[in-house]
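Hello,

Here is the structure we spoke about. Please look it over before reading my notes.

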Amino acid sequence: MYLSVDPEDCQFALVSGSHTSDVQMPEVYDILPFDNPDGGVWKQGFDITYDEHEWDNEPLQVFVLPHSHNDPGWLKTFDDYFRDQTQHILNNMVIKLQEDKGRKFMWSEISYFSKWWDGIDSQKKDAVKRLIEDGQFEIVTGGWVMPDEASPHYFALIEQMTEGHQWLEKALGVKPKSGWAIDPFGHSPTMAYLLKRAGFSNMLIQRVHYSVKKYFATQKTLEFFWRQIWDSESSTDILCHMMPFYSYDVPHTCGPDPKICCQFDFKRLPGGRVNCPWRVPPEAINSGNIQHRVQYVTSIGDDFRYTESSEWDQQYQNYQKLFDYMNSHPELHVKAQFGTLSDYFEALRKAGGLDEKKDSSVFPVLSGDFFTYADRDHHYWSGYFTSRPFYKRLDRILESYLRAAEILYSLALSQSKKNERMKAFPSVEHYKLMTEARRNLGLFQHHDAITGTAKDWVVVDYGT
């Protein structure tokens, strides 16, 4: 039996079999040997050499992005993390950013931010709004959580993003424009598509198989337009930056040698509770050592960083000394500053001529996904696809009930308006209940929740 396909019913039929991407991930996976030779200081990479005259004609722009990654549950419950760490990070943020207009900071998880916002006074709220307006503080992604990208249903991904964005619009009048996904265990094109449809232009990802990162680094394609595999044009393109090294902590973000990079994590100064495992500690920047220390620079952030006021001073003051020295010596050909993710992408787009009307781009187009993730050797992060099945099933049940409730609520609201019976319909009370359900569902999409990678008592807390 032969069934014809009407192009009006299925647009894919018009472009079946065509590929418009420069990089197809299935083809990349076919050619990679997935071996793990020792790359030297960059264990999973290769020896990197530099042309010292590469930036003679124009300065190298360096953006240092301060951030704090706050898991809404992992080793502690959501509420315990908030009480012990998160509220102090955000309180310090308001104080420390106001001390210097050049300081920047980024935040992602609206579940935490909204809880903090509800407990602060109007003076502090006004200060936050000013910091956002001045470009010192940026909300990135702005979902209720930073979700896993493998286990959730797409409806739940949309729900948690919508809940975060609606809260931001109502409380701050803010609409995020750049995606920040540094900790999900692999990355899906579905998330890229949802961000694009939500009005985003840029995104950043981190946890990609080390062999893929190494290959992209050799090809100089760590920045690319991520396009849906079914898109024959460019309507789904979103500019994506892939972080090249092992992790998003300071030792693995400034360059290939974590021993060097760790020396620029000033929270690890001698006398503190955290040190460098490579046994070469940072040095506070002063006039005697700045000429030597200025050779390297890094981004500054990690899990639950900036809890204490002292770390803000350690990081920002020492980095500012480095920036001042570099920027005052034109022979170094460097322009360094604190920045946000949007600052970086704005400069990247300008350098690549993306704001001009051109038929081609300096960045390749990629289609496909980044699963399954491995961070080293044969450590494949695939067990979480099926672990803790009771809670994964509970997630889907709540999701189905919530979707049914939303549909019924919309129908009831429409009929009540049509029949002029709004006073008899408790729309506000019902909407509050659905909001609570959306937030509970959204919280569980966190990359340590639905995945099952949190501690046992934390997983129980999610489900009760």
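Predicted model: local features only at pLDDT ≥ 70, side-chain atom pairs only at ≥ 80, totals over all residues.

Residues are numbered from 1 along each chain as its sequence is written, and side-chain values use heavy atoms, with hydrogens and water left out.

Nonpolar cores

The largest nonpolar core has 57 residues. A nonpolar core here is a set of buried Ala, Val, Leu, Ile, Met, Phe, Trp, Tyr and Cys residues joined through side-chain atoms within 4.5 Å. Buried means under 20% relative accessible area, exposed over 50%, and partly exposed in between (1.4 Å probe, protein chains only). Helix H2 (residues 78-97) gives the most to this core, with eight residues; helices (H or I, at least four residues) and strands (E, at least two) are DSSP runs, numbered from the N terminus. Among the members that touch the most others are Trp-107, Trp-116 and Phe-137. Leaving aside residues up to four places away in sequence, the contacts of Phe-137 include Met-93, Phe-105 and Ile-132, where contact means heavy atoms within 4.5 Å. Another core, of 27 residues, lies apart from it and includes Trp-42 and Phe-200.

Salt bridges

The whole structure holds 24 salt bridges, each a side-chain nitrogen of Lys or Arg within 4 Å of a carboxyl oxygen of Asp or Glu. One joins Lys-104 and Asp-343 (2.7 Å, N to O). Lys-104 lies in the loop between H2 and strand S4 (105-107) and Asp-343 in helix H11, so the pair ties together parts that are 239 residues apart in sequence. Lys-104 counts as buried, because its relative accessibility is 12%. Ser-342 is also in helix H11 (residues 341-351); its relative accessibility is 10%, so Ser-342 counts as buried. Not counting residues up to four places away in sequence, Ser-342 touches Glu-138, Lys-177 and Ser-178.

Asp-237 and Arg-227 form a salt bridge at 2.6 Å, N to O, and both residues are buried. In the bridge between Asp-84 and Arg-83 (2.9 Å, N to O), Asp-84 is partly exposed at 29% and Arg-83 is partly exposed at 46%.

Helices H5 and H13

Residues of H5, including Glu-159, Glu-163 and Trp-167, meet residues of H13, including Tyr-431, Arg-438 and Arg-439. Glu-163, Arg-438 and Arg-439 also belong to a salt-bridge network with Arg-403 and Glu-406.

Regards
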